[in-house]
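Open the model in your viewer and keep the selection tool at hand.

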Amino acid sequence: VTTPFLDLSARLVPLSPGYDERGLLGLAFHPGYNDPSSPGFRKFYTYTSEPVSGTGDFTVPITGLFDHQSVIAEWQVSPGNPDLADPASRREILRIDEPESNHNGGKLAFRPGEPYLYISLGDGGAGNDVGPGHFANTGNGQSLATVLGKILRIDPLAPSANPASADPISANGKYRVPATNPFISSGSAIHEIFAYGLRNPFRFSFDTPTNRLIV
C-alpha cells in the first residue's frame, strides 16, 4: 500500500548503516484480532529497540550506561481502515534495559490455541555473556534473576480486559503472568521466564504435530 500499515522508524535508536542487530525486530497479531467478541480484537504487538527512556521494568547491574531498551508495545488497527494502524493506540507493556547493541532476540509469537505471547530475548550482547551488564558468575543466560537470554511468556492484554483471569497481574500492572509458567511459584526467579540458558534466540516456532517450542 502507498501508506505503510505502521511506521516505527522515529521510535528506534539510530541504526548503523553497515550492520546492526537492533530495530523493529518482532510483530505478532493477537489470536483474537479478527474476533469482535475477543478482548484482543484489532490488537497487535511490536518489539522495538528504542533509546533509553526512564527506568526499565527489567534491568541488570551495570557500570556505565545502557545501550538501548527493548520495548514491547500493544497497538490497535484503525477502526476505519484495516490497512492502517492507529498510532494513538500505542500502549507500552514492557521496557527492558540492554547493556550492548547486539544479541536482542526479537521474535514475538502466540502458540496456537493459547492467549499467551512468547518473547525471545538475547543475553544482552558483547562476547561470551560477560562484561558490564552481565552476571559475573553465571552470565545472563543462566541467571533466573534477569530476563536476558530467555523466552518470556505473558498474557499481553491489559489486566482489566480479563478481570476474571486466575493469572496474576505483573509488577508493572500492564499485563498478566500465566499461572502455568514454570517459575511462577519461585521466590527468586522472574515469573515471566518460560525458557532460559539462551544466547541469542532470534527466531523460534511451534511444531504443529507435537506443539513443541523449537528455538
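One term comes up throughout: a residue is buried under 20% relative accessible area, exposed over 50%, and partly exposed in between (1.4 Å probe, protein chains only). This is a predicted model, where local features need pLDDT of at least 70, side-chain atom pairs count only at pLDDT 80 or more, and totals for chains, interfaces and linings use all residues. Residues are numbered from 1 along each chain as its sequence is written, and side-chain values use heavy atoms, with hydrogens and water left out.

**Stop 1: two loop residues**

Select His 103. Its relative accessible area is 13%, so His 103 is buried. Look for it in the loop between strand 4 and strand 5. Strands here, like helices, are DSSP runs numbered from the N terminus (strands: E, at least two residues; helices: H or I, at least four). The phi of His 103 is near 55°, a positive value in a residue other than glycine.

Now select Asn 128. It sits in the loop between strand 6 and strand 7. Asn 128 is not a glycine, yet its phi is positive, about 60°. Is Asn 128 buried or exposed? Its relative accessibility is 68%, so Asn 128 counts as exposed.

**Stop 2**

Switch to cartoon view. Find the open sheet of 4 strands, in the order 1-2-3-4, with antiparallel pairing. Two strands pair if DSSP finds at least two bridges between them. Strand 1 and strand 4 are the edge strands, each pairing on one side only. On average, neighbouring strands of this sheet are turned by 20° against each other, direction ignored. For such angles, axes are lines fitted to C-alpha atoms (for helices over the stretch in contact), and angles run from 0 to 180 degrees between N-to-C directions.

Zoom in on strand 1 and strand 2. They pair in the antiparallel sense over 5 bridges. Select Leu 27, and then its bridge partner in strand 2, Thr 46.

Slide across to strand 3, residues 68–78, which pairs with strand 4 over 10 bridges in the antiparallel sense. Here Gln 69 stands opposite Asp 97 in strand 4. Follow the chain from strand 3 to strand 4: a hairpin joins them through 2 residues. Turn on side chains as you go. In a regular strand the side chains alternate between the two faces of the sheet.

**Stop 3: Phe 66**

Select Phe 66, in the loop between strand 2 and strand 3. With a relative accessible area of 19%, Phe 66 is buried. What does Phe 66 touch, not counting residues up to four places away in sequence? The contacts are Val 52, Thr 59, Val 60, Asp 97, Glu 98 and Pro 99. Contact means heavy atoms within 4.5 Å.

**Stop 4: the cores**

A nonpolar core is a set of buried Ala, Val, Leu, Ile, Met, Phe, Trp, Tyr and Cys residues joined through side-chain atoms within 4.5 Å. The largest one has 28 residues. Which of them touch the most other members? Select Leu 94, Leu 108, Leu 117 and Ile 119. Strand 1, strand 2, strand 4, strand 5, strand 6 and strand 7 each give two or more residues to this core. Apart from it lies another core, of 7 residues, among them Phe 44, Ala 73, Trp 75 and Ala 85.

**Stop 5: aromatic rings**

Show the rings. The structure holds 9 aromatic pairs. Rings of Phe, Tyr and Trp (its six-membered ring) pair if their centres lie within 6.5 Å; planes under 30 degrees apart count as stacked, over 60 as edge-to-face and the rest as tilted.

Select Tyr 45 and Phe 110. This pair is tilted, with 6.0 Å centre to centre and 55° between the planes. Tyr 45 lies in strand 2 and Phe 110 in strand 5, so the pair ties together parts that are 65 residues apart in sequence. Both Tyr 45 and Phe 110 are buried.

Next, select Tyr 118 and Phe 194. They are edge-to-face, 5.3 Å centre to centre, with 85° between the planes. Tyr 118 is in strand 6 and Phe 194 in strand 8, so this pair ties together parts 76 residues apart in sequence.

Finish with Phe 5, Phe 29, Tyr 33 and Phe 44, which ring pairs link into a cluster.
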